[in-house]
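Subject: Handover of a structure

Dear colleague,

Please find the structure below.

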Amino acid sequence: MAGDLTDQPYEALVIGGGVNGLASLYHLLRLGCRRVALIERFSLGHERGSSHGFSRVIRSAYIHAGYVRLVQAALREEWPRLEGEAGMRLIHHTPGCFFGPAGGKWEQYARATAEAGLEGEVLDPAEARRRFPLFRFEGAGGVLEDRTAGLVAARDTMSALVRLCRERGGHFLELTRVTSIEPGPELIRVITEAGELMAERLVIAAGPWASKLVPALKSQLKIARQTVGYFTLSGDQDQYGVGRFPVWGNLGGEDGGIFYGLPQFGREGIKIARHITMGVDDDPEPEPGEPPEGEIERLHSYLEEQFTPSVERLTGWETCLYTNRESEDFVIDLHPDDPRIAVGAGFSGHGFKFGPLTGRLLAELVMNGKTTVPEFEAMRHVFALG
């Protein structure tokens, strides 16, 4: 356990060492908290949750204009702040293209992007194939090109947040599982397998384990284990790198499935996965095993069908856990029974891009009861816990 449990109360505690928990600790320190700690049931940087791996998508294209505006707030304020303080580049710009059948979800992306006043060009499939010649766009009614898109260096982001928090006096209690939370009249008692801690305020960002600590979430959150594949395709490998190869999403083919992918970054092979949010509720406790039967083959088949280069080989795979509400909206709210507790949950599948902003929102909520982010306050009801 990296850190010591003591009888002295903390100004604030954070439960969960994913991107949202780390960013919450970062912002609590920025807002002036000095005795703060983060509790993580595994080791920092573990691969049991939703924040590991080298890369994530960042895009402005979204189904609702409110989310488009929130992405812009993150890109305008929090990602530059984090990059500046970390002294390193965390967002690598690369093209973005999102497509699907006529009348599908990509058209809602296009309308929401336009409503938010953000430039995004709708291409017919023939023009899209000229701009993105590695794609066939089979069955696509059109393609939305997102010129604000990019790749987030996820592992670098996590490392930067840990380093900055340590430098500013944040404490980390690793390998420490929280078993219950007991709010008292003066302090909040956080009970762990290693002992008890007391805090004036608490942020819960526990990913797949959030509903075990916040019973109100049990009926709202479902967990889906995802399989991510890495494949090399034929031809010049430079064309699959950041800056040339896009982040992309096929938002519903004939079978209704959603596939997405990213350039080669940090490891060999382009990244591809299915976006699975419905019809499953997996147990987060078992350690990841082999991919479900046929899943790697399904990703391989998709690449063969939708890309002009041939697949040379599978270079690796990994799993992660999605934690979603049915609507896929996040939970970013104060606990309905105790305003000293802020809750962040349901981020999987599209939350990493908001991480530095989400941490600010949770820190400001638990410190002040409201945030200084108008884009969030305008749609705060969407993220309500209740």
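Two strands are said to pair if DSSP finds at least two bridges between them. Strands (E, at least two residues) and helices (H or I, at least four residues) are DSSP runs, numbered from the N terminus. Please note that this is a predicted model, in which local features need pLDDT of at least 70 and side-chain atom pairs count only at pLDDT 80 or more, while totals for chains, interfaces and linings use all residues. Residues are numbered from 1 along each chain as its sequence is written, and side-chain values use heavy atoms, with hydrogens and water left out.

I begin with strand 15. Strand 15 and strand 16 (residues 270–274) run antiparallel and are joined by four bridges; in strand 16, arginine 274 is the bridge partner of phenylalanine 259. Strand 15 also pairs with strand 14 (residues 247–251), again in the antiparallel sense and over four bridges. There, isoleucine 258 of strand 15 stands opposite leucine 251.

Are the residues of strand 15 buried or exposed? Buried means under 20% relative accessible area, exposed over 50%, and partly exposed in between (1.4 Å probe, protein chains only). Five of the five residues in strand 15 (residues 258–262) are buried. Ile258, Tyr260 and Leu262 point one way from the strand, whereas Phe259 and Gly261 point the other way.

The next topic is a pair of helices. Helix 1 (residues 19–30) contains histidine 27, which counts as buried because its relative accessibility is 0%. Leaving aside residues up to four places away in sequence, histidine 27 touches Glu78, Arg81, Pro356, Gly359, Arg360 and Ala363, where contact means heavy atoms within 4.5 Å. Tyr26, His27 and Arg30 in helix 1 meet Glu78, Arg81, Leu82 and Glu85 in helix 2. The axes of helix 1 and helix 2 (residues 65–86) lie 13 Å apart, at an angle of about 80°. Axes are lines fitted to C-alpha atoms, for helices over the stretch in contact, and angles run from 0 to 180 degrees between N-to-C directions.

Finally, two loop residues have positive phi values. Leucine 175, in the loop between strand 9 (171–173) and strand 10 (178–183), has a phi near 50° although the residue is not glycine. Leucine 175 counts as exposed because its relative accessibility is 55%. Glutamate 328, also not a glycine, has a phi of about 65° and lies in the loop between strand 17 (311–324) and strand 18 (331–335). With a relative accessible area of 18%, glutamate 328 is buried.

Yours sincerely
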